[in-house]
Amino acid sequence: GWIRALQVSSDAVSVQFSETRAKEIMREDIADYYSAIVSGLEPRISEQPNFLAMRDIFAGLRTEMTLEDGQAPKKEQVDEIRKQASKLVELALQRQVGP
């Protein structure tokens with residue numbers, strides 16, 4: 001659900017972009033939080049290929065969501081967050097067959 005929330009919010013900001021709205025999703029702590037949740041799953045789950053891919057995306061999102069002091073968010077950044085959030089949703093919905 002929390003990944004879907006990122007997808008929906010980034011989509012909404014992209015459609016009606018403003019710096020004020022974009023700043024609400026430009027927070028690296030969001031990516032850190034999501035990464036910690038996935039990393040904290042039982043190892044047989046968190047080491048599945050889809051979860052490993054999710055952790056890689058979170059690392060990239062952390063960089064994308066970080067704004068330097070005084071830096072204004074750009075629509076291109078929001079679009080990239082939206083794109084990555086959609087990938088995360090796809091990965092989260094994958095069922096892995098394992099032991």
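1. Helix H3 (residues 28–39) packs against H5 at an angle of about 165°, and their axes lie 8 Å apart. The crossing of H3 past H5 is left-handed. Note that this is a predicted model.

2. Which residues make the contact between H3 and H5? From H3 come Glu28, Ala31, Asp32, Tyr34, Ser35, Val38 and Ser39. They meet Phe51, Met54, Arg55, Phe58, Leu61 and Arg62 of H5. By class, this contact of H3 with H5 has 7 nonpolar, 2 polar and 4 charged residues.

3. Aromatic pairs deserve a separate point. The count comes to 4. One of them joins Trp2 and Phe58, with 6.4 Å from centre to centre and 35° between the planes. This pair is tilted, because its angle falls between the 30 degrees limit for stacked and the 60 degrees limit for edge-to-face.

4. The Trp2 and Phe58 pair links distant parts of the chain. Trp2 sits in helix H1 (residues 2–15), and Phe58 in helix H5 (residues 49–64). They are 56 residues apart.

5. Are the two partners buried or exposed? Phe58 has 1% relative accessibility, so Phe58 counts as buried. Trp2 has 29% and therefore counts as partly exposed. The cut-off for buried is under 20%.

6. The rings can also be viewed as a group. Ring pairs link Trp2, Tyr33, Tyr34 and Phe58 into a cluster.

Definitions and conventions:
Residues are numbered from 1 along each chain as its sequence is written. This is a predicted model: local features need pLDDT of at least 70, side-chain atom pairs count only at pLDDT 80 or more; totals for chains, interfaces and linings use all residues. Side-chain values use heavy atoms; hydrogens and water are left out. Rings of Phe, Tyr and Trp (its six-membered ring) pair if their centres lie within 6.5 Å; planes under 30 degrees apart count as stacked, over 60 as edge-to-face and the rest as tilted. Helices (H or I, at least four residues) and strands (E, at least two) are DSSP runs, numbered from the N terminus. Buried means under 20% relative accessible area, exposed over 50%, partly exposed in between (1.4 Å probe, protein chains only). Axes are lines fitted to C-alpha atoms, for helices over the stretch in contact, and angles run from 0 to 180 degrees between N-to-C directions. A crossing is left-handed if the near helix is turned anticlockwise from the far one by less than a right angle, and right-handed if clockwise. Contact means heavy atoms within 4.5 Å. Ala, Val, Leu, Ile, Met, Phe, Trp, Tyr, Cys and Pro count as nonpolar, Asp, Glu, Lys and Arg as charged, and the others, Gly among them, as polar.
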